[in-house]
Amino acid sequence: MSDALPTQHTPLNRTRLIAPGPVEVAPDVLAQLAQPQMHHRAQAGIDKLMEARAKLTQLLGDPFDAVITTSSGTGAFEGALLSTTPPGARVVNAQAGKFSERWGEMAQRFGYDTALVARPWGEVLDPQEVADAARGAHTLLITHSETSTGALHDLEAIAGAAKAQNPDLIIIADCITSYGVAELRPAAWGVDVIVSGSQKGTATPPGLGFVLFSPEVQARMIRNPGNAFYLDMTRELAGQKAGSTPQTPAINLIYALSTALDRLLSVPHEVLWAEQR
Ligand SMILES: *Cc1c(COP(=O)(O)O)cnc(C)c1O
């Protein structure tokens, strides 16, 4: 296939960039992008959205409902925060690296009552320290795999400790480089919202974000009129459950995503998770 297409850049497999993504994309996934233009309101487009959302849930392994955003992972995270956390609420951000620091900046910029619980870059977060900081908070933001340092935080222990002290806490986890890669059991661990993006573990071109909501957190979702319109996940979730998106999604990428997910779903979760160790 690549013989027919001029390549104007150095393929990723021949660059020396050390980066978590965009990762290499398989030819059958790329080929999905080269079809005649598909339409998101045509039945085939509706079916493809539903199919991709179901596969995202299957990859997670828990009965969470997926929203696909046309944004990078950061946009998906922004939507997750704004659609679960009312204006002015107490937000705790657990940070130990570049990506996790960003979520604290985001919460501050939206005017949340933001507290930071930090460890030096490269270290792992201390579950009890995070739990103590999250006492009385509405929402905890945490990064599972801190790609900037390579640290994989013990999300199970952290969420367990935090929920033991504060059962009403909503935990939003940046799993942008752990979803589909590292062991992730949000229902058992008490994590409410999982955020990821297409260009990392799911090996799809950049441009899609994913937010997966637990059944329990869905009952607590809000419309955040002061902040969210495009990233109103309450509206998106309702629309996407019925097979439609309020705006035009990157439908070509959704086709590619569905094909990419087939490869990941062809092996058991435990096999996928074992490979990253
Ligand atoms: C890549 C990455 C992000 C940023 O995602 P974008 O898709 O670039 O918005 C955030 N967090 C982690 C852990 C990442 O690896």
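The legends below describe close-up views of a predicted model. Residues are numbered from 1 along each chain as its sequence is written, and side-chain values use heavy atoms, with hydrogens and water left out. Because the model is predicted, local features need pLDDT of at least 70 and side-chain atom pairs count only at pLDDT 80 or more, whereas totals for chains, interfaces and linings use all residues.

**View 1. The open sheet of seven strands.** The strands follow the order S1-S9-S8-S7-S4-S2-S3 with mixed pairing, where strands are DSSP runs (E, at least two residues; helices H or I, at least four), numbered from the N terminus, and two strands pair if DSSP finds at least two bridges between them. Strands S1 (65-69) and S3 (113-118) each have a single partner strand, so one side of each is left without a neighbour in the sheet.

**View 2. The pairing of S1 with S9.** Strand S9 (residues 209-213) runs antiparallel to S1 and is joined to it by five bridges, with Asp65 standing opposite Phe213 in S9.

**View 3. Helix H6 on the sheet.** Helix H6 (residues 155-165) lies across S4 and S7 and runs at about 165° to S7, the angle being taken between N-to-C directions, from 0 to 180 degrees, of lines fitted to C-alpha atoms, for helices over the stretch in contact (heavy atoms within 4.5 Å).

View 4. Leu265 is partly exposed, with a relative accessible area of 22% (buried is under 20%, exposed over 50%, partly exposed in between; 1.4 Å probe, protein chains only). Leaving aside neighbours within four places in sequence, Leu265 is in contact with Lys55, Gln58 and Leu59; Gln58 and Leu265 are 207 residues apart in sequence, yet 7.7 Å apart in space, C-alpha to C-alpha.
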